[in-house]
Amino acid sequence: MLLPKELGLKVFHADITAQHNTAVSLATASILGGIPSLPQLVGCVVIESALGATSDGIPHKVIGAAAEIDNTTGVISVTVKYSASITRDVRVALLIKE
């Protein structure tokens, strides 16, 4: 997906170990390098994963990914939903507007 530069979005990557439908908290400063103001979190996309397959050979899938930022603490929470109740390492791209 290509995003026009006029949107003013920055993309930050985070490698996380995500359990199905369970939020993973990321400290904003460690992900963004300590930005001066609280950013607007626009979206979250899984860009890389190694999910494996069931014992029957059916591949696991990423159903969706979501992220939100706590305006009080500045902590970003990422939730990934898989096609099964699994825990896997994934790389997510966070779309942020400052």
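User: Why is Arg 91 called partly exposed?

Analyst: Arg 91 has a relative accessibility of 30%. Buried means under 20% relative accessible area, exposed over 50%, and partly exposed in between (1.4 Å probe, protein chains only), so Arg 91 counts as partly exposed. The model is predicted: local features need pLDDT of at least 70, side-chain atom pairs count only at pLDDT 80 or more, and totals for chains, interfaces and linings use all residues. Residues are numbered from 1 along each chain as its sequence is written, and side-chain values use heavy atoms, with hydrogens and water left out.

User: What makes Arg 91 and Asp 15 a salt bridge?

Analyst: Their closest N and O atoms are 2.6 Å apart. A salt bridge requires a side-chain nitrogen of Lys or Arg within 4 Å of a carboxyl oxygen of Asp or Glu, so the pair of Arg 91 and Asp 15 qualifies.

User: Why is Asp 15 called exposed?

Analyst: Asp 15 has a relative accessible area of 55%, so it is classed as exposed.

User: How do you know that Glu 48 forms a salt bridge with Arg 91?

Analyst: The closest N and O atoms of Glu 48 and Arg 91 are 3.7 Å apart, so the pair meets the definition of a salt bridge. Salt bridges with shared partners join Asp 15, Glu 48 and Arg 91 into one network.

User: Why does Glu 48 count as partly exposed?

Analyst: The relative accessibility of Glu 48 is 49%, so Glu 48 counts as partly exposed.
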